[in-house]
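Biologist: I have some questions about how residues get their labels here. Please walk me through them.

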Amino acid sequence: MTLPADPPPPKPKLTAEVRRAHEAERLKIIRLRILIGRVLSERDLTTPTTIGAALDMPPGEALALLSRKQRRVGDLALLEAVASRLGIPDAPVSTR
């Protein structure tokens, strides 16, 4: 007879301030991806190779940065650098 495994400890709750900061970063990432995608489309850069060249990244890495659903550490900084490289002005941030 085997003993049941102990349940994992509960995750610590994030404070409201940390949740707001995460949400603001998530929204900024979404806005930058949309703006970058729009600029690439306007410049008729639609193939993975041309997108990678425009973003100065390997094609697979560039497409992953622009399309992944789960954010990773450093995504915001990469997207801001790409936006700057493409000449995109700072994205307007709306606060409600």
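Biologist: Which residue just after α2 takes a positive phi?

Modeller: Asp56 does, with a phi of about 60°. Keep in mind that this is a predicted model, where local features need pLDDT of at least 70, side-chain atom pairs count only at pLDDT 80 or more, and totals for chains, interfaces and linings use all residues. Residues are numbered from 1 along each chain as its sequence is written, and side-chain values use heavy atoms, with hydrogens and water left out.

Biologist: What makes α2 a helix, and which of its residues are buried?

Modeller: Helices are DSSP runs of H or I with at least four residues, numbered from the N terminus. Helix α2 covers residues 48-55. Its buried residues are Ile51, Gly52, Ala54 and Leu55.

Biologist: Why are the buried residues of α2 said to line one face?

Modeller: Seen down the axis, they fall within an arc of 165°, so they line one face of the helix. The arc is taken from the directions from the helix axis to the C-beta atoms. Thr49 and Ala53 are exposed, on the face turned away from the buried side.

Biologist: What do the buried residues of α2 pack against?

Modeller: They pack against α1 (16-42), α3 (59-67) and α4 (75-86). Contact here means heavy atoms within 4.5 Å.

Biologist: Why is Arg33 called buried?

Modeller: Buried means under 20% relative accessible area, exposed over 50%, and partly exposed in between, with a 1.4 Å probe and protein chains only. Arg33 has 14% relative accessibility, so Arg33 counts as buried. This residue lies in helix α1.

Biologist: What does the side chain of Arg33 reach?

Modeller: The backbone oxygen of Leu65, at 2.8 Å. A polar contact is a pair of N or O atoms within 3.5 Å; within protein, one must be able to donate a hydrogen and the other to accept it, and residues adjacent in sequence count only if both atoms are side-chain atoms. Arg33 also touches residues including Leu66, Arg68, Asp75 and Leu79, not counting residues up to four places away in sequence.

Biologist: Why does Leu27 count as partly exposed?

Modeller: Leu27 has 30% relative accessibility, and therefore counts as partly exposed. Leu27 is also in helix α1.

Biologist: Why does Val39 count as buried?

Modeller: Its relative accessibility is 16%, so Val39 counts as buried. Leaving aside neighbours within four places in sequence, Val39 is in contact with Leu86 and Ile88.

Biologist: How far apart are Val39 and Ala54?

Modeller: They are 15 residues apart in sequence and 11 Å apart in space, C-alpha to C-alpha.

Methods:
Helices (H or I, at least four residues) and strands (E, at least two) are DSSP runs, numbered from the N terminus.
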